[in-house]
Amino acid sequence: WGQGDSCHSWYTDGVINVKKSNNLKTEEFRVGASFTNYDSHVVYALSTGMDHPNSGGHIWVNNPFDGPRHLILSYMTTGPAPSKYPTVDITVETLQGTVINTTTLVPLTTLYESKLVHAIKTSVVATIPHGEFKLFWSRQETGRLGETRPFRITAVQVVSTDVVEGGVMGPPAYFDSLGQFGP
């Protein structure tokens with residue numbers, strides 16, 4: 001996109017080719033099958049897992065380009081409100097610990113009105129110069145009815161600063177599949 005991009009998505013194949021903290025794991029889900037749709041397939045997300053849903057984690061992200069780029073994160077959401085996923089604080093730092101940006105992500109989609117859905121949301125979390133950075137996340141709250149699902153990432157992209165939303169992992173929502181992404 002634009003003046004070059006570096007996109008890393010593991011949503012469809014489970015291959016995570018970014019450096020990550022040791023507490024992170026790849027979660028696998030079978031989705032798409034419902035009473036109206038008998039086809040299903042496997043998708044993947046990176047998280048702290050259902051055993052440690054309140055933990056945070058981090059990944060390393062590299063901007064290989066000479067100029068600044070947007071750092072975009074794709075993550076799982078549910079709808080309608082309240083989300084089954086936690087609100088998280090995202091912090092992007094240099095390897096020396098200088099904070100580049102901090103933002104809050106609310107993993108909620110309102111695009112499907114009152115239908116129960118799982119969908120992928122994509123958000124710009126920072127503008128980063130050339131070099132390597134750490135992207136941290138920490139949980140702010142639990143999901144609805146005290147459910148404790150971990151924050152789940154499906155892709156990370158380094159794109160031109162004129163790109164504000166990614167298309168790497170913005171697939172159609174999975175209707176009737178809330179239980180397929182964990183209890």
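Predicted model: local features only at pLDDT ≥ 70, side-chain atom pairs only at ≥ 80, totals over all residues.
**Glycine 79**

I started with glycine 79, which is buried at a relative accessible area of 3% (buried means under 20%, exposed over 50%, partly exposed in between, with a 1.4 Å probe and protein chains only). Glycine 79 belongs to strand β5 (strands are DSSP runs of E with at least two residues, helices runs of H or I with at least four, numbered from the N terminus). Leaving out neighbours within four places in sequence, I found glycine 79 in contact with Leu108, Thr109, Lys115, Leu116 and Val117 (contact means heavy atoms within 4.5 Å).

Residues are numbered from 1 along each chain as its sequence is written, and side-chain values use heavy atoms, with hydrogens and water left out.

**β5 and its partner**

Next I followed β5 to β8: the two pair antiparallel over 11 bridges (strands pair if DSSP finds at least two bridges between them). Within this pairing, leucine 73 sits opposite serine 123 of β8. How many residues of β8 are buried? I get 9 of the 12, so β8 is largely enclosed by the rest of the structure.

**The cores**

Then I turned to the nonpolar cores (sets of buried Ala, Val, Leu, Ile, Met, Phe, Trp, Tyr and Cys residues joined through side-chain atoms within 4.5 Å). The largest has 25 residues, and Leu71, Ile90 and Leu135 have the most contacts inside it. At least two of its residues come from each of β4, β5 (69-79), β6 (88-94), β8 (117-128), β9 and β10. Another core, of 7 residues, lies apart from that one and includes Tyr11, Phe29, Val43 and Tyr85. I checked leucine 71 too: beyond four places in sequence, the residues it touches include Val61, Val92, Leu135 and Val156.

**The open sheet**

I traced an open sheet of 4 antiparallel strands in the order β4-β9-β6-β7. Its edges are β4 (57-63) and β7 (99-105), each pairing on one side only. From one strand to the next the twist averages 20 degrees (axes are lines fitted to C-alpha atoms, for helices over the stretch in contact, and angles run from 0 to 180 degrees between N-to-C directions). β4 and β9 (residues 131-139) are joined by 7 bridges, and asparagine 63 faces glycine 131 of β9.

**The salt bridge**

How many salt bridges does a search of the whole structure find? I found 1 (a side-chain nitrogen of Lys or Arg within 4 Å of a carboxyl oxygen of Asp or Glu). Arginine 152 and glutamate 27 form a salt bridge, 2.7 Å from N to O. Arginine 152 is in the loop between β9 and β10 (153-159) and glutamate 27 is in β2 (residues 25-31), so the pair ties together parts 125 residues apart in sequence. Arginine 152 is buried at a relative accessible area of 0%, and glutamate 27 is buried at 8%.

**Whole chain**

Last, I stepped back to the overall counts: 0 helices and 11 strands. Of the 183 residues, 51% are buried. Among contacts between residues at least 6 apart in sequence, 79% join residues at least 24 apart.
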